[in-house]
Amino acid sequence: QVQLVESGGGLVQAGGSLRLSCAASGSIFSINAMGWYRQAPGKQRELVAGITSGGSTNYADSVKGRFTISRDNAKNTVYLQMNSLKPEDTAVYYCNAHIRSSMYYSRDYWGRGTQVTVSS
């Protein structure tokens, strides 16, 4: 069994910063790509940032230059540093990871989400 547990969400004023963390635990052979998605009320879930096992990153245009994704492979953890937050960043943020549990089985896993609210 594999679990992803997010932490670090909360309420912050516009212009402020937050750092999200997501730790994977359980039956893990290896972790490939990891990423952060978000879903605002009434909107579809969207990719915010992704990072490969080798450290290559990609970002949504709306967060480029403000958010930074990183990972600690020794801790099976991915981070999202969010700076210069805007009210439109308000959403539930979800962690995603493609995890190999054995030589023959891998799949995507999702965390339960953490709320980020940015007040104007």
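## Terms and ground rules

Two strands count as paired here if DSSP finds at least two bridges between them. The strands themselves are DSSP runs of E with at least two residues, and they are numbered from the N terminus.

What you're looking at is a predicted model, where local features need pLDDT of at least 70, side-chain atom pairs count only at pLDDT 80 or more, and totals for chains, interfaces and linings use all residues. Residues are numbered from 1 along each chain as its sequence is written, and side-chain values use heavy atoms, with hydrogens and water left out.

Let's start with an open sheet of four strands, ordered 1-3-8-7 and paired antiparallel. Strand 1 (2-7) and strand 7 (67-72) sit at the edges with a single partner strand each, so one side of each has no neighbour in the sheet. From one strand to the next, the twist averages 15°, an angle taken between N-to-C directions on a scale from 0 to 180 degrees, with axes as lines fitted to C-alpha atoms.

Strand 7 is joined to strand 8 (residues 77-82) by six bridges, and the two run antiparallel. Across that pairing, Ser 70 faces Tyr 79 in strand 8.

Strand 4 (residues 30-39) has its own set of partners. With strand 9 (residues 91-102) it makes eight bridges in the antiparallel sense, and with strand 5 (residues 46-51) it makes five, again antiparallel. Arg 38 is a handy landmark: its bridge partner in strand 9 is Tyr 93, while in strand 5 it stands opposite Glu 46. Met 34 has Ile 51 as its bridge partner in strand 5. Strands 4 and 5 make a hairpin with six residues between them, and Gly 42 in the turn has a positive phi of about 80°.

Moving on, strand 5 also pairs with strand 6 (residues 57-59), antiparallel, over three bridges. Here Ala 49 is opposite Tyr 59 in strand 6. The hairpin of strand 5 and strand 6 has five residues between the strands, and its Gly 55 takes a positive phi near 100°.

## The disulfide

How many disulfides are there? The count comes to one, taking a disulfide as a pair of cysteine sulfur atoms within 2.5 Å. Cys 22 is joined to Cys 95, with an S to S distance of 2.1 Å. Cys 22 is in strand 3 (residues 18-26) and Cys 95 in strand 9, so the pair ties together parts 73 residues apart in sequence.

The torsion about the S-S bond is about -80°, so this disulfide is left-handed. Both Cys 22 and Cys 95 are buried, and that word means under 20% relative accessible area, with exposed over 50% and partly exposed in between (1.4 Å probe, protein chains only).

## Two residues up close

Thr 77 is in strand 8 and is buried, with a relative accessible area of 8%. A polar atom of the Thr 77 side chain lies 2.8 Å from the backbone oxygen of Lys 75. Setting aside neighbours within four places in sequence, Thr 77 is in contact (heavy atoms within 4.5 Å) with residues including Cys 22, Met 34 and Ser 70.

Is Gln 1 buried or exposed? Gln 1 is exposed, with a relative accessible area of 81%, and it belongs to the segment before strand 1. Leaving out neighbours within four places in sequence, Gln 1 is in contact with Ser 25, Gly 26 and Ser 27. Gln 1 and Ile 28 are 27 residues apart in sequence and 8.6 Å apart in space, C-alpha to C-alpha.

Key. Polar contact = N/O pair within 3.5 Å; in protein donor to acceptor, adjacent residues only side chain to side chain.
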